[in-house]
Amino acid sequence: MGAALRTVNPILYHIAKKFLFTLSPETAHELTLSGLRLTEKMRLLPLLAGKPVEDPVEVMGLRFPNRVGLAAGMDKQGNTVEAFGALGFGFVEVGTLTPRPQPGNPKPRLFRCIPAQAIVNHMGINNPGIDQGVENLSSITRFRGVLGVNISKNKVTPNDEARIDYLACLRAAWPVADYVTINFSCPNVPNLCELAKAASAADLLAALKSEQANLTRDTGRCVPIVMKVSPDMSEAQIRELAHVFQDCQLDGLICTNTTTSRAGIEQYPQAQESGGLSGAPLYNRANETLEAFASELRGQIPIIGVGGITTPEDAVAKIRAGASLVQLYTGFIYKGPELVRASAKAIKAFCADRETR
């Protein structure tokens, strides 16, 4: 029976994908999440997705059931975590969440580039606000993986007041998050990437680490702080940021966010849309950034590799390049739940083989 279900599952996804890709990307996204929530409530997802891959690993003081996670941007409201857990993800990162709700940029703002297995998004961090997000996350009962909460400032908040927004979100997310990711590299918010300059990043991270210490003392639990970087940095910028992260004792790093480059989709009309590019065309640049940070950090700060994973081999390459964990987003949209299991199995085999050498 299990083998039969594993055979049927890719077929079901192929049928669902064919239908969903006839809809606008944003409509398809919303319909997919609604369907996942309903199917999970009916306890059908484990039957369709199969047993999650068990490959426990400790990173940032947290125990991950396996090394494959869902990147932020898929579950912006934090109301589909249990469903994604049932699909086999070892960890799920929700958001991005901001202090106050914001509608994001005008539609259309999400574009598929199917021939390139890519997506261009100009969403503008649309979300219900940190309070609603935390309320949604507080109702989780069946998810057994690690939960990350991705936070940022509101679009209307000037950069010189950004720390106020980030600190407010950190405090709000603290009771429900296993780790908190600082999104200061989204290309869809004007001037947000200015915060990634070394001096600004140092000031922001120092404030966050100070508040982390206060909250740890007051609550008796420590929530690691992770920062998500852009793939559009120079070698000099990477070196400067790496030193900042080491000096401030950052707990973890995510490489990378989406890119403003259109390399790989130049011949397609989606190249003319503004926003961040994700998917297969991002793969090489994301890996280069990962490798550069890994070289600078020398294992002192664990890295989560994300960007362009469309095959299990891509996932393993992230680990080989220096990542401890990986995240999926666009590849999951194009390849479906089977990519989760296949990537987790491939990474498990690679790490087991590496340990025996």
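The model is predicted: local features require pLDDT of at least 70 and side-chain atom pairs count only at pLDDT 80 or more, whereas totals for chains, interfaces and linings use all residues. Residues are numbered from 1 along each chain as its sequence is written, and side-chain values use heavy atoms, with hydrogens and water left out.

The secondary structure of the protein chain comprises 12 helices and 13 strands, where helices (H or I, at least four residues) and strands (E, at least two) are DSSP runs numbered from the N terminus. The C-alpha trace spans about 55 × 50 × 40 Å along its principal axes. Of the 357 residues, 55% count as buried, that is, under 20% relative accessible area, with exposed meaning over 50% and partly exposed in between (1.4 Å probe, protein chains only). Among contacts (heavy atoms within 4.5 Å) between residues at least 6 apart in sequence, 73% join residues at least 24 apart.

The buried residues of H8 are Ile238, Leu241, Ala242, Val244 and Phe245. They cover an arc of only 160 degrees around the axis, which places them on the same side of H8; the arc is that of the directions from the helix axis to the C-beta atoms. An α-helix has 3.6 residues a turn, so residues three or four places apart point the same way. The buried residues of H8 pack against helix H7 (198-219), strand E9 (225-229), strand E10 (252-255) and helix H9 (283-297). Just after H8, glutamine 249 adopts a positive phi of about 60 degrees.

Alanine 201 lies in helix H7 and is buried, at 0% relative accessibility. Its contacts, not counting residues up to four places away in sequence, are Phe184, Leu195, Ala196, Leu241 and Val244. Alanine 201 and cysteine 248 are 47 residues apart in sequence, with a C-alpha to C-alpha distance of 9.9 Å.

An open sheet of 3 strands has the order E5-E6-E11 with antiparallel pairing; two strands pair if DSSP finds at least two bridges between them. Strand E5 (110-113) and strand E11 (276-279) stand at the edges, each with a single partner strand, so one side of each lacks a neighbour in the sheet. Strand E6 (residues 118-121) is joined to E11 by 4 bridges, and asparagine 121 stands opposite glycine 276 in E11.

Elsewhere, strand E3 (residues 68-70) pairs with E4 in the parallel sense over 2 bridges, and leucine 70 has valine 92 in E4 as its bridge partner. Strand E4 (residues 91-97) is mostly covered, with 7 of its 7 residues buried.

Threonine 310 is located in the loop between strand E12 (303-306) and helix H10 (312-321). This threonine is buried, with a relative accessible area of 10%. Threonine 310 touches Gln117, Ala280, Gly331, Lys335 and Leu339, residues up to four places away in sequence not being counted.
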